[in-house]
Amino acid sequence: MATVLITGGCGFIGSNLALAFRKQGDRVVALDNLSRRGSEILRDRVVAAGVEFVRGDIRNPADFEPVQGPFDLMIECSAEPSVLVGVNGDDAEFMVQNNLVGSLHCFEFARKKKSPVIFLSTSRVYPYDALNAREYREEATRFVPACSGPGFGPEGVGIDFPLSGARSLYGATKLASEIMLQEYSRQYGLPAIINRCGVVAGPWQLGKQDQGVFTYWLVSHLLKRPLAYIGFGGQGKQVRDLLHIDDLVDLVLLQSRQIAGFRGEIFPAGGSTFSSLSLAEATDLCRRLTGNEVPVGSQPDNRPADVRWFVTDNRPTTDRFGWRPARSAEDILRDIRDWLAGHPDLLAALFGKKP
Ligand SMILES: NC(=O)c1ccc[n+]([C@@H]2O[C@H](COP(=O)([O-])OP(=O)(O)OC[C@H]3O[C@@H](n4cnc5c(N)ncnc54)[C@H](O)[C@@H]3O)[C@@H](O)[C@H]2O)c1
């Protein structure tokens with residue numbers, strides 16, 4: 001039996017990982033400040049499965065002290081994950097304190113405890129102007145790449161995509177945390193893996209428009225609430241790849257068994273071309289899955305940090321771990337629908353109305 005400390009262990013990804021490690025018999029400690037809307041619900045869910053909960057804020061090093069004894073693995077999943085936070089300047093310092101300084105405190109605690117670290121990073125580290133400046137073809141329901149170059153092509157965006165340019169405060173803090181973890185790993189011999197995740201989705205994601213957009217899209221169909229395509233002409237042709245939370249959990253479980261030899265290597269983890277979807281295609285899928293049609297408006301102008309096309313090139317991760325996503329975009333949306341159908345009270349509490 002191993003002991004696993006999960007920071008942000010009452011979030012969407014953290015809670016699903018906590019349950020998976022518990023299920024295989026490990027001791028799991030979830031540290032979370034419960035700042036995310038609905039995180040109390042996920043706390044109750046993990047505590048019911050035998051996860052130990054520590055209420056703490058990673059910005060405050062003293063909050064790690066209640067975590068007793070050594071542990072064998074830290075998974076750093078705590079962050080403010082919205083790309084829109086900080087755009088008006090008011091929250092910039094909060095973002096840096098929460099996502100960068102907070103992560104640094106996590107790595108420092110791991111160093112003292114001699115624990116390997118798996119860090120959940122994001123595809124938002126890639127600069128949006130550079131991504132949007134690539135050539136795309138406009139097809140009936142989506143944009144499609146029409147050029148290839150370093151780290152870019154029909155297979156997706158790879159980890160060798162050039163990193164210079166603005167990427168949002170969220171992306172910047174995550175990239176800076178990646179760099180700090182690599183430094184800690186090499187300087188102090190701390191085993192570490194960085195997963196650059198695309199859009200992760202699935203049951204128990206308490207989604208909102210700027211984070212968990214596909215859950216939000218499906219919920220809006222269930223509740224018959226109007227939606228809008230925002231940016232890139234307002235036709236919903238922008239593309240993302242979706243990774244089912246269970247596929248991400250499978251990857252992290254695999255990595256946890258082999259982490260000793262890693263020193264901060266970066267692994268892309270997304271749904272890839274196998275599970276990519278435009279918003280317009282998501283609308284079709286949601287209509288089929290819910291039987292409901294909602295009006296979808298159009299706002300042509302981009303929001304800050306919008307990206308026209310992002311699909312993850314997972315090949316380094318497949319090569320190293322033999323992992324690839326097994327659940328399609330349709331599987332993901334169907335699972336979210338079925339989960340919400342089984343939890344009408346949750347739907348009401350989180351989204352305001354019973355279907
Ligand atoms: N969900 C995605 O699509 C996605 C994609 C790429 C990367 N990620 C990364 O995965 C990680 C988890 O994301 P998620 O989707 O589970 O988000 P989430 O918001 O559901 O979970 C984050 C958790 O961290 C907690 N938290 C936030 N600030 C904290 C602090 N200062 N101290 C302690 N706890 C704090 C929140 O209360 C929440 O429970 C994040 O690091 C995010 O950057 C997520």
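Modeller: Quick ground rules: it's a predicted model, where local features need pLDDT of at least 70, side-chain atom pairs count only at pLDDT 80 or more, and totals for chains, interfaces and linings use all residues. Residues are numbered from 1 along each chain as its sequence is written, and side-chain values use heavy atoms, with hydrogens and water left out.

Colleague: At what angle do helix H1 and helix H2 pack?

Modeller: Helices here are DSSP runs (H or I, at least four residues), numbered from the N terminus. H1 covers residues 12-23 and H2 covers residues 39-48, with their axes 10 Å apart. Axes are lines fitted to C-alpha atoms over the stretch in contact, and angles run from 0 to 180 degrees between N-to-C directions. For this pair the angle is about 5°.

Colleague: Is H1 roughly parallel or roughly antiparallel to H2?

Modeller: Angles under 35 degrees count as roughly parallel, over 145 as roughly antiparallel, 65 to 115 as roughly perpendicular and the rest as oblique. The H1 and H2 angle is about 5°. That makes H1 and H2 roughly parallel.

Colleague: Which residues in H2 does H1 meet?

Modeller: Contact means heavy atoms within 4.5 Å. From H1, the residues taking part are Phe-12, Ser-15, Asn-16, Ala-18 and Leu-19. Their partners in H2 are Leu-42, Arg-45 and Val-46.

Colleague: What does the angle of H6 with H8 make this pair?

Modeller: H6 (residues 213-222) and H8 (residues 279-290) have axes 9 Å apart and an angle of about 45°. That makes H6, relative to H8, oblique.

Colleague: Is the crossing of H6 and H8 left-handed or right-handed?

Modeller: A crossing is left-handed if the near helix is turned anticlockwise from the far one by less than a right angle, and right-handed if clockwise. By that rule, the way H6 passes H8 is right-handed.

Colleague: What is the volume of the largest cavity?

Modeller: On a 1 Å grid over the protein atoms alone, a cavity is a set of points where a 1.4 Å probe fits but cannot get out, while a pocket is an open set with protein on both sides within 12 Å along at least five of seven lines; lining residues have an atom within 4 Å of a point. Grid points are joined across faces, edges and corners, and a volume is the space filled by probe spheres set on the points. The lining includes Ser-123, Tyr-126 and Arg-196. The space inside is about 30 Å³.

Colleague: And what volume does the second largest pocket have?

Modeller: Its lining residues include Glu-155, Phe-274 and Arg-324. The volume of the second largest pocket is about 190 Å³.

Key: Helix = DSSP H or I, 4+ residues; strand = E, 2+ residues; numbered from the N terminus.
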